[in-house]
Amino acid sequence: MSAIISVIITLIIITIITRIYVLNGDKIHFFSTGMDKGFKINEIKVLWKLAKKTDLDNPMALYDSVPILNQCISKIITQSRRTASENSPKTQDFLSKLYKYRTRIALDTDGKRGLENTRYLDVGQRISIIYPGNGVFAAKIINNGRELVISMPVQDDKKNRRKLTLTGDEWKGKDISIYLWRKGDAGYAFDTVVLGSGTFGGQACIFVRQSEKLDRTQKRQSVRANCEVYAQMYMLKSDSQDYSTVETSAGYTCLIEDISEDGAMIRIGSKGKSNVRIKLQFMINDELVIMYGVIRAVEYNKILDQSRLHFECTHVDASMKNAILSYVYNVIPEEQKDRDLAIKQSEAAAETESDTPNEDSSSYIDSIGGGFL
């Protein structure tokens, strides 16, 4: 009797498991595939939710196709706008999770393109050199061949407001460490030795041994996109800020040249200053964005009397961050893309009919002047 009961129980369990698999087979397969591919369980849950919300025929494509991922995120934005739920905490939280995953995919892809040795360093690359016992020097690569040819390193003497250099003989045979930041990639460091000094193309230089080992010192945490967005800049004089305040008066007009969720490159007229706290206010894809942060570094062009400001964002609301990421990954709704294209085409047609050439961004920055930092 007990044997019959055991068989019945076993059959019931098998039936239940079979029914569960029939009803959830796609989901089980999706989750198991994601785990086999190395995705985190939280990422798999978000992607499954995305597939269901967008009625994706082949959810597996989200693991392998960035364009399909972008299209699905675009659909989520479109759906939320149609239901007037775009700004709801639930929608913004879901978008934040999607963009977090999208950013990881982008950064992991960039990471696979990292440099393995110094022979791939670009001419013009700016570097910092640690000369033990003598401090840190700045230079740039002026040729990359059998050895690295580096401009004669200089050191800032801020106290006496001058540049310090060493003679070629003082560099020859010395062990040095070189640090650099490769735009769009990461920071790198390597140790090498100075082989000698001389001139290259009429420029004083030192010759440095190539290195087969490059240490990747820091990977980017965000993805940047080139842009031309005019913004208003406001100086922050108080440590306490009401982040919900929208400025109604004009600030200092500036041009954002590239942007990410955690910073931007800003161009202004005149000479800027570092370590200045600012507020940026601008529109992107018809969305208001307000970013608070600090100018970490300044590149000043004396000839143009313009500065490029390296801006680090310390605060941006979640919905505004999502608006930035929507722009970075170009996942705006299709109807908005069509409208933007129509506007661009009409502007281009108007320009061809006009005898007066439009000012480019450089002349516009020149016209607004500066001198505010």
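A residue counts as buried when its relative accessible area is under 20%. Y131, at 8%, therefore counts as buried. This is a predicted model. The protein chain has 9 helices and 15 strands. Of its 373 residues, 41% are buried.

**Whole chain**
- The accessible surface of the protein chain is about 21,900 Å². Carbon and sulfur atoms account for 51% of that surface.
- Take the contacts between residues at least 6 apart in sequence: 60% of them join residues at least 24 apart.

**Nonpolar cores**
- In soluble globular proteins, nonpolar side chains tend to be buried together.
- The largest nonpolar core here has 60 residues. I256, I266, L280, F282 and M291 have the most contacts inside this core.
- Helix α5 (residues 89-111) gives the most to this core, with 8 residues.
- A second, separate core has 22 residues, among them F137, I178, I206 and L214.

**Aromatic pairs**
- The whole structure holds 8 aromatic pairs.
- Y99 and Y329 form a stacked pair, with 6.3 Å centre to centre and 20° between the planes. Stacked applies because the planes are under 30 degrees apart.
- This pair links distant parts of the chain, 230 residues apart. Y99 sits in helix α5, and Y329 in the loop between α7 (318-328) and α8 (334-353).
- Y99 is buried at 1% relative accessible area, and Y329 is buried at 6%.
- Y131 and W171 form a tilted pair, with 4.8 Å centre to centre and 50° between the planes.
- Y131 lies in strand β1 (residues 126-131) and W171 in helix α6 (residues 168-171), 40 residues apart.
- W171 is buried, with a relative accessible area of 0%.
- F30, F31, W48 and Y63 form one aromatic cluster.

**Helix α2**
- Helix α2 (residues 41-53) has 13 residues. From first C-alpha to last it reaches 18 Å, close to the 18 Å expected at 1.5 Å a residue.
- The buried residues of α2 are E43, I44, V46, L47, W48, L50 and A51.
- Just after α2, D55 takes a positive phi of about 55°.

**Cysteines**
- The count of disulfides is 0.
- C227 is buried at 9% relative accessibility. C254 is buried too, at 0%.

Methods:
Residues are numbered from 1 along each chain as its sequence is written. This is a predicted model: local features need pLDDT of at least 70, side-chain atom pairs count only at pLDDT 80 or more; totals for chains, interfaces and linings use all residues. Side-chain values use heavy atoms; hydrogens and water are left out. A nonpolar core is a set of buried Ala, Val, Leu, Ile, Met, Phe, Trp, Tyr and Cys residues joined through side-chain atoms within 4.5 Å. Buried means under 20% relative accessible area, exposed over 50%, partly exposed in between (1.4 Å probe, protein chains only). Helices (H or I, at least four residues) and strands (E, at least two) are DSSP runs, numbered from the N terminus. The expected span of a helix is 1.5 Å times one less than its number of residues. Contact means heavy atoms within 4.5 Å. Accessible areas come from the Shrake-Rupley method with a 1.4 Å probe; for residues, only the protein chains shown count as cover. A disulfide is a pair of cysteine sulfur atoms within 2.5 Å. Rings of Phe, Tyr and Trp (its six-membered ring) pair if their centres lie within 6.5 Å; planes under 30 degrees apart count as stacked, over 60 as edge-to-face and the rest as tilted.
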